[in-house]
Amino acid sequence: MYYPLTPGDKIGLVSPSRNVTEQEIAKGVEYLRSLGLIPVMGKNAFKSFRYMGGTAAERAEDIMGFFLDPEIKAIFATSGGDGSQYILPLLDFELIKKNPKPLFGFSDTTALQNALVEKCGLICPSGLTLNYDFRNGSLNKTLDASVKNMIFGDEFCYCAGKPVIVGEAKGKLVGGCLSLFRNLCGTPYFPSLKGAILLVEDVEEPTYKIDLMLQQISQCKDFDKLSGVIFGRCLDCLIRREGDGSVDEVISYFSEKLSIPVIKDFPYGHDFERVMLPLGAEVKLLSSANGCQVCSI
């Protein structure tokens, strides 16, 4: 499916979003070591600038350094949060394209990962952070199994979700955290929607904002050429006032004009029990009254 890792591989750890401490990610680093991987910390990974993990230049330096280091086989973001979008103009996408490797992350990493998908054709697994996901000391069992599948390049087929519009589709997976994906609209880093399967989730966004963000994406180039849509779980997304609608109502309204497969309640989102999915990879989507599936190809 992409460039699978093997025990003994070195991996680079970067902080493209919010600032973290060594203690915050210790359990996550220990987990990666338990898989036989050798974490190498970026020299700026524990820096802090405002609410972010160092200046944009410092964070870009770590990312570019690991892409250009042939001993590093993959890159992992330490945290989500805010700020990865600052880095995008500072990356040399042509050099990255010549030195491809997966970049793992989640949440705020959505902006960085989709830019790498669009500009470099990379596959970027989405669904793991080294601080948030280890708050209880260990990884959720569902996510643990999914992370191992993704790291070692195994095929997957997740039978989950509920049908909104039935059908089957294949396409390149794009998206992730809705608010970060929406932020890329109108920039050179917004991925092509032509033939793509759109993945969407978010956290702590009022439902009316989810509605409006979806409308903005629906007005982007080639939205009418999407192959399918996967709605993950929107966590703690409250109804501001009567008339705004629930998340389910927003999804229903958004889907009314679509004629492509759509599923909702897929286990991808900010709750601890989720699966990893490979942004930039071709996947197969099945939406059926008898069950829904998202599978590798």
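User: Which side chain does Asp222 meet in a salt bridge?
Analyst: In this predicted model, the Asp222 side chain pairs with that of Lys225, with N and O 3.5 Å apart.

User: Is Asp222 buried or exposed?
Analyst: Asp222 counts as buried because its relative accessibility is 17%, and the cut-off for buried is under 20%. Lys225 is partly exposed, at 38%.

User: Which residues are in the salt-bridge network with them?
Analyst: The network links Asp222, Asp224 and Lys225.

User: Where is Asp222 found?
Analyst: Asp222 sits in the loop between α7 and β10. Its phi is near 65°, which is a positive value in a residue other than glycine.

User: What about Asp236, what is its phi near?
Analyst: The phi of Asp236 is near 55°, again a positive value in a residue that is not glycine. Asp236 belongs to the loop between β10 and α8. Asp236 is partly exposed, with a relative accessible area of 47%.

User: Back to salt bridges. How many does the count come to?
Analyst: The count comes to 12. One of them joins the side chains of Asp133 and Arg274, at 2.9 Å from N to O. That pair links distant parts of the chain, 141 residues apart.

User: Where do Asp133 and Arg274 lie?
Analyst: Asp133 is in the loop between β5 (124-126) and α5 (141-151). Arg274 is in the loop between β11 and β12 (277-279).

User: Are those two buried or exposed?
Analyst: Asp133 is buried, with a relative accessible area of 2%. Arg274 is buried as well, at 0%.

User: Why do such side chains pair at all?
Analyst: Side chains of opposite charge can pair when their charged atoms come close.

User: Which residue forms a salt bridge with Lys264?
Analyst: Lys264 forms one with Asp248, and their closest N and O atoms are 3.5 Å apart. Lys264 is in strand β11 and Asp248 is in helix α8, so the pair ties together parts 16 residues apart in sequence. Lys264 counts as buried at 16% relative accessibility, while Asp248 counts as partly exposed at 36%.

User: Which residues of α8 are buried?
Analyst: Helix α8 covers residues 247-255, and its buried residues include Val247, Val250, Ile251, Phe254 and Ser255. These residues cover an arc of only 125° around the axis, so they are on the same side of α8.

User: What covers them?
Analyst: The cover includes β7 (162-165), α7 (207-218), β10 (228-235) and β11 (262-264).

User: New topic, Arg59. Where is its place?
Analyst: Arg59 is in helix α2, which covers residues 56-68. Arg59 is buried yet has no salt bridge.

User: What is the nearest side chain of opposite charge to Arg59?
Analyst: That is Asp108, 6.3 Å away. A salt bridge needs a side-chain nitrogen within 4 Å of a carboxyl oxygen.

User: What does Arg59 touch, then?
Analyst: Leaving out residues up to four places away in sequence, the contacts of Arg59 include Ser15, Pro16, Ser17, Met52, Gly53 and Gly54. Gly83, Ser84, Tyr86 and Ile87 are also among them.

User: And Ala111, where is its place?
Analyst: Ala111 is in helix α4, residues 109-120. Ala111 is buried, with a relative accessible area of 0%.

User: Which residues does Ala111 touch?
Analyst: Not counting residues up to four places away in sequence, Ala111 touches Ser84, Gln85, Leu88, Leu180 and Leu184.

User: Last topic, pockets. How much space lies in the largest pocket?
Analyst: About 520 Å³ of space lies in the largest pocket.

User: How many residues line it, and which lie nearest its centre?
Analyst: The largest pocket is lined by 27 residues. Gly80, Gly81, Ser107, Val203 and His270 lie nearest its centre.

User: Which elements give two or more residues to the lining of the largest pocket?
Analyst: Those elements are α6 (178-183) and β9 (197-203). The largest share, three residues, comes from α6.

Notes
Residues numbered from 1 in each chain as written. Predicted model: local features only at pLDDT ≥ 70, side-chain atom pairs only at ≥ 80, totals over all residues. Heavy atoms only, no water. Buried < 20%, exposed > 50% of the residue type's maximum accessible area, 1.4 Å probe, protein only. Helix = DSSP H or I, 4+ residues; strand = E, 2+ residues; numbered from the N terminus. Arc of directions from axis to C-beta. Contact = heavy atoms within 4.5 Å. Lys, Arg positive; Asp, Glu negative; His and termini not counted. 1 Å grid on protein atoms, 1.4 Å probe; cavity = no way out; pocket = protein on both sides within 12 Å on 5 of 7 lines; lining within 4 Å. Points joined across faces, edges and corners; volume = space filled by probe spheres on them.
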